[in-house]
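Okay, everyone, thanks for coming. Let me put the structure up, and then I'll talk you through a few places in it.

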Amino acid sequence: MKIGHIDPLLCIVAAARAIPLLIYLGLVIWIVSLVSGRSETPEPVARLALQRNHQIGHGDLQTPAFAALVGKYLKQDVAAGEKVTAAMLQDTSLPAPMSNTMAAIISIPLQASKTAGIKADSDVQICDRNNQVFGGLTKVISVDCDERLCQVTVKLPKMPGQTVDPDALAGASLVGGQYQNCSARP
């Protein structure tokens with residue numbers, strides 16, 4: 001064997017021992033480049049001052065992370081430049097503030113609610129269990145439905161000189177405001 005001459009088999013063995021080290025170094029470099037090059041998507045920021053109950057539109061927020069928020073309603077006021085988070089939004093608009101009033105919660109079947117077109121702020125008449133009009137035309141405050149029933153909160157109509165007995169509305173129902181009396185309900 002000559003000095004200065006390296007056996008080719010020895011070169012292959014040396015290279016084979018270096019492969020795991022090279023793979024390890026390559027992985028470390030790749031992971032470091034991923035972590036250092038990663039940028040967080042900034043939270044959406046209001047371009048201008050937005051009021052409570054405002055429905056988010058395409059021009060209201062800046063940054064690319066707002067697409068999932070368009071069409072939702074703000075639960076609070078937001079100043080220009082302030083972050084807008086998902087916790088500040090909801091799918092439906094907030095009910096308008098009301099003055100103090102007397103109200104009744106009346107349960108009706110979901111289908112009856114749909115047929116009569118009963119929704120928040122619609123006109124309705126309260127019909128007692130004998131199909132007699134209770135008071136007169138009044139407004140719906142809110143409607144909360146499940147798969148069978150709707151809990152409809154209605155303002156009680158003004159009835160001068162008359163006190164309301166809660167039992168007077170036991171078994172009551174509602175008809176849409178387009179009906180003239182309770183006996184005309186479907």
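Some ground rules before that. This is a predicted model, where local features need pLDDT of at least 70 and side-chain atom pairs count only at pLDDT 80 or more, while totals for chains, interfaces and linings use all residues. Residues are numbered from 1 along each chain as its sequence is written, and side-chain values use heavy atoms, with hydrogens and water left out.

So, the sheet. Helices (H or I, at least four residues) and strands (E, at least two) are DSSP runs, numbered from the N terminus. Two strands pair if DSSP finds at least two bridges between them. Five strands make an open sheet here, in the order E5-E8-E7-E6-E9, with antiparallel pairing. Why is one side of E5 and of E9 left without a neighbour in the sheet? Because E5 and E9 stand at the edges, each with a single partner strand. On average, neighbouring strands of this sheet are turned by 45° against each other, direction ignored; the axes behind that are lines fitted to C-alpha atoms, for helices over the stretch in contact, and angles run from 0 to 180 degrees between N-to-C directions.

Let me zoom in on two pairs. E7 and E8 are joined antiparallel over five bridges, and there Val143 sits opposite Val152 in E8. E6 and E9 are antiparallel too, over four bridges, with Val124 opposite Gly176 in E9. On E9, Ser173 and Val175 point one way, Leu174 and Gly176 the other, and all are buried. By buried I mean under 20% relative accessible area, with exposed over 50% and partly exposed in between (1.4 Å probe, protein chains only).

Now the cores. A nonpolar core is a set of buried Ala, Val, Leu, Ile, Met, Phe, Trp, Tyr and Cys residues joined through side-chain atoms within 4.5 Å. The largest one has 18 residues, and those touching the most other members are Ile106, Ile118, Ile126, Val152, Val154, Leu169 and Leu174. E5, H2, E6, E7 and E8 each supply at least two residues of this core. Apart from it lies another core, of ten residues, including Ala46, Leu50, Leu74 and Val78.

Next, Ser122, in the loop between helix H2 (110-116) and strand E6 (123-127). Is Ser122 buried or exposed? Buried, because its relative accessible area is 14%. A polar atom of the Ser122 side chain lies 2.7 Å from the backbone oxygen of Lys119. Leaving aside residues up to four places away in sequence, Ser122 touches Gly117, Thr138, Lys139 and Val140, where contact means heavy atoms within 4.5 Å.

On to the cysteines. There's one disulfide in the structure, a disulfide being a pair of cysteine sulfur atoms within 2.5 Å. The link runs from Cys145 to Cys150, S to S 2.0 Å, and is right-handed, with 105° about the S-S bond. Cys145 is partly exposed at 36% relative accessibility, whereas Cys150 is buried at 0%.

Last, the asparagines. Most residues other than glycine have a negative phi. Asn53, though, has a positive phi of about 75°; Asn53 is in the loop between strands E1 and E2. Asn131, in the loop between E6 and E7, has a phi near 60°, also positive. Asn53 is partly exposed at 27%, and Asn131 is partly exposed at 29%.

Terms used
Polar contact = N/O pair within 3.5 Å; in protein donor to acceptor, adjacent residues only side chain to side chain.
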